Each structure stands twice: as structure tokens, then as C-alpha cells.
Amino acid sequence: MPNILKNISLKPYNTFGLDTSARLFVEVKSLEELQEVVRSSKFKINDVLVLGGGSNILLTQDMDGLVVKNSIQGKEIVSENKEEIVIKVGAGTNWHEFVMYCVEKGYGGVENLSLIPGTVGAAPMQNIGAYGVEIKDVFVQLEALHRFSNKMEIFDNATCEFGYRESIFKHSHKDKYIIVNVTFRLSKRPKLNLDYGAIRDVLAEKEITEPTIKDVSNAVIEIRQSKLPDPKKIGNSGSFFKNPVISKEALLSIRKDYPEIPTYPIDDNSVKVPAGWLIEQAGWKGKTFGSIGVHKKQALVLVNYGAGKGADIKKLSEDIQASIVEKFGVALQAEVNII
Ligand SMILES: Cc1cc2nc3c(=O)[nH]c(=O)nc-3n(C[C@H](O)[C@H](O)[C@H](O)COP(=O)(O)OP(=O)(O)OC[C@H]3O[C@@H](n4cnc5c(N)ncnc54)[C@H](O)[C@@H]3O)c2cc1C
């Protein structure tokens with residue numbers, strides 16, 4: 001049975017750098033350890049927080065229950081042929097390290113998702129995505145431990161019900177499963193996804209005409225480093241809000257005052273609008289309030305400059321939401337899990 005620690009600061013375990021505490025804290029390194037913890041009297045089903053890298057959570061209070069840090073590692077090749085490779089990866093594996101492994105080996109499919117913080121096990125939770133690729137594009141299945149029965153269950157692509165930053169684990173299956181491993185299908189003859197102009201621009205600047213997956217990964221890393229604050233330097237959780245999808249009717253009404261509003265097509269009736277643009281127009285970009293604020297380069301990112309409190313960041317996010325409703329009639333939804 002792994003050691004269950006008492007009264008632990010969660011500051012090193014969340015990228016916002018918020019100094020809340022856990023009454024009980026345990027790190028699990030294998031399925032067996034996890035099952036022992038789930039069986040133990042300390043595991044009160046409704047009072048457990050599963051943590052990966054803590055890069056998509058906002059801790060607004062001390063945790064009275066048990067925090068389970070998932071550090072289950074391991075990579076297993078499930079099958080392989082000339083075209084593709086299927087790999088099963090432990091949930092506690094660092095996501096970017098897994099991407100780097102794939103890039104070095106020449107396995108294509110995840111290079112556009114380079115440098116996203118966090119763990120492999122949390123990646124399906126919100127179907128992580130960046131630069132035109134989502135994890136669902138390479139996802140085969142995951143194995144998760146049911147918190148109530150302590151038994152493993154398999155979820156394939158369809159049963160995960162992936163959507164834009166969504167999966168079944170954020171809805172009907174919320175707080176019911178602990179993801180133990182994820183299986184991916186990667187291509188040995190990758191078809192590069194260069195849909196994003198920013199990637200093409202970096203490649204052109206470097207005069208790379210026949211890019212490899214490593215070139216694409218390097219371009220993505222360069223773009224991300226220039227745009228997003230490094231959580232090691234400034235506490236943050238990446239994009240705080242999802243980009244809202246609005247009706248074409250709503251768009252026409254906003255366009256009267258803001259003809260330059262950027263949009264991405266969704267279907268005949270709706271478009272996606274960058275939340276960062278709306279927040280910037282509402283005057284929030286670069287604003288600071290004591291130790292917290294809105295990042296100066298990217299209005300979608302809320303930041304903790306040091307001594308900030310989760311509850312204050314939550315309040316700031318609510319103020320931003322209210323001002324966007326008032327100004328544009330658009331409701332922003334948090335992407336970050338508020339706890
Ligand atoms: C600088 C920065 C940039 C980012 N950029 C992107 C981006 O481009 N695209 C994107 O999609 N996201 C992005 N994110 C968000 C974040 O990196 C991802 O959501 C990531 O998948 C979170 O992983 P994690 O291990 O840190 O999860 P955590 O924050 O630890 O957990 C997130 C949620 O998943 C649950 N959870 C974690 N592990 C498990 C498990 N094994 N089983 C069951 N539940 C679990 C937690 O309880 C919590 O509800 C960014 C974050 C930062 C800080």
C-alpha cells in the first residue's frame with residue numbers, strides 16, 4: 001500500500017501555483033497500488049480528487065478528502081506493421097515526453113500537440129487539442145478503473161463521446177473513473193496537418209519545404225513558447241475559457257459594431273469565435289488585480305503572479321464572463337476544471 005501523507009501543500013502539483021492543501025495525499029505508480037488505495041478506508045468515493053499534472057484545474061479551496069496523484073508510467077507496443085504502430089501508455093506519463101518519444105521514433109499523429117502540459121491520462125478528459133489536431137484523431141481506447149467497483153473497464157473512441165474539449169468523463173461519467181492507460185494509433189507514414197497558417201509561416205521562415213514531423217513539432221513548440229506563459233515562471237492553466245460557438249444570427253448582430261470579428265466555420269447555422277478576442281475587446285487583456293490578472297499577450301489566459309488565491313481567480317473569471325454577456329450577448333464556458 002503506498003504511503004498516504006497528511007496535510008500536504010498542493011502548490012507543486014498545480015500549474016496555477018495555488019497554495020491550497022490536501023488533508024490526505026497519495027501518489028500511485030501502478031494499477032495494483034491504485035486498487036489498494038481504492039480499497040482502503042481512506043478512499044471515500046465522493047471526496048477524492050484525481051490529479052495528473054494539475055495543468056487544467058483551478059483549486060479554490062483546501063481539499064478535505066484524498067488527493068490521488070496518478071504517476072502510473074509505462075509504454076507497451078500493442079501491434080505494429082509497416083504503416084502504423086499501436087501503443088498503450090501509462091496514464092501518469094508526461095504528455096509532452098510521450099509526444100517527443102513519438103517524434104524521435106518517426107511515429108506521426110501527435111506532433112501538433114507538442115508542449116501541451118499534463119499527463120497522458122488526463123488528455124482524453126477534455127480531448128486535448130491544438131493546431132488542428134485533437135487526441136481523438138489518434139485515440140484507440142483507454143482503460144479506466146471504476147471508483148465504485150474497483151474494476152477495469154475499456155472505453156473506445158465512440159464510448160468516450162469526444163467533442164470540442166469534451167468527453168463523457170466531464171459529464172455522465174464525471175468523478176466515476178480513474179484512467180489508467182491510453183492506447184494510440186500512430187502512423188509510420190504520417191500525413192502532416194499544416195492547416196494552421198502559423199505553422200506554415202514558421203516553416204517558410206526556416207525555408208523548410210518538405211517538413212518532417214520533427215519540423216512540425218519544433219514549429220509548434222516555437223509558436224507556443226512565443227505566445228503562452230510558461231507555468232514555471234507565471235502560474236496559469238492555459239486557455240481558461242472555451243471558444244464559444246454562436247449562431248450566424250448572433251454573429252450578424254455583433255458584426256454591426258465589430259465588423260472585424262474573427263470566426264471559424266462550424267456548420268450552416270453556427271460559427272466559432274475566439275474567446276480571447278472577445279475578452280480583449282472588453283478591455284481585460286493585461287489587466288492585473290493584486291497577484292492575479294489576465295495575461296498581457298493572450299487574453300484567454302488568467303494568471304497567478306505568485307500569492308494569488310483560487311477563489312479570486314474564479315471571481316475574476318466570473319466578472320469576465322458577465323462582461324462578455326453584457327457586451328456581446330455571448331456566454332463563455334470555463335475550460336479549466338474549477339475545484
Ligand atoms: C500553458 C498551458 C497550455 C495549455 N495548452 C493546451 C492546449 O493547447 N490544448 C489543450 O487541450 N489543453 C491545454 N492546456 C490544458 C492542459 O494542459 C490539458 O487539459 C491537460 O490534458 C491536463 O492534464 P493534467 O494531467 O495536468 O490534468 P489535471 O489538471 O491534473 O486534471 C484535469 C482533470 O482531469 C482529471 N484527471 C486527471 N488525471 C486523471 C485520470 N488519470 N483519471 C481520471 N481523471 C483524471 C482531474 O481530476 C481534473 O478534473 C494547457 C495548459 C497550460 C498550463
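This is a predicted model: local features need pLDDT of at least 70, side-chain atom pairs count only at pLDDT 80 or more; totals for chains, interfaces and linings use all residues.
Residues are numbered from 1 along each chain as its sequence is written.

Four strands make up an open sheet with mixed pairing, in the order S1-S2-S5-S3. Strands here are DSSP runs of E with at least two residues, helices are DSSP runs of H or I with at least four residues, and both are numbered from the N terminus. Two strands are paired if DSSP finds at least two bridges between them. Strand S1 (5-9) and strand S3 (48-51) are the edges of the sheet; each has a single partner strand, so one side of each lacks a neighbour in the sheet. On average, neighbouring strands of this sheet are turned by 40° against each other, direction ignored; the axes behind this angle are lines fitted to C-alpha atoms.

Strand S5 (residues 63-70) is joined to S3 by four bridges, and the two run parallel. Within this pairing, valine 48 has leucine 66 as its bridge partner in S5, and valine 50 stands opposite valine 68 in S5. Strand S2 (residues 21-28) also runs parallel to S5, joined by six bridges. S5 is mostly covered, with six of its eight residues buried. A residue counts as buried if 20 or more other C-beta atoms, placed from the backbone, lie within 10 Å of its own, as exposed if 12 or fewer do, and as partly exposed in between.

The shell comprises 32 residues, of which Gly52, Gly53, Gly118, Gly121 and Gly238 come nearest; a residue belongs to it if its C-beta atom, placed from the backbone, lies within 6 Å of the ligand. The elements that give two or more residues to this shell are S3, strand S8 (129-130), strand S12 (177-187) and strand S13 (235-239).

Elsewhere, helix H3 (residues 197-205) contains aspartate 201. Aspartate 201 is exposed because 12 other C-beta atoms lie within 10 Å. Aspartate 201 is 29 residues from serine 172 in sequence, and their C-alpha atoms are 41 Å apart in space.

Key. Axes are lines fitted to C-alpha atoms, for helices over the stretch in contact, and angles run from 0 to 180 degrees between N-to-C directions.
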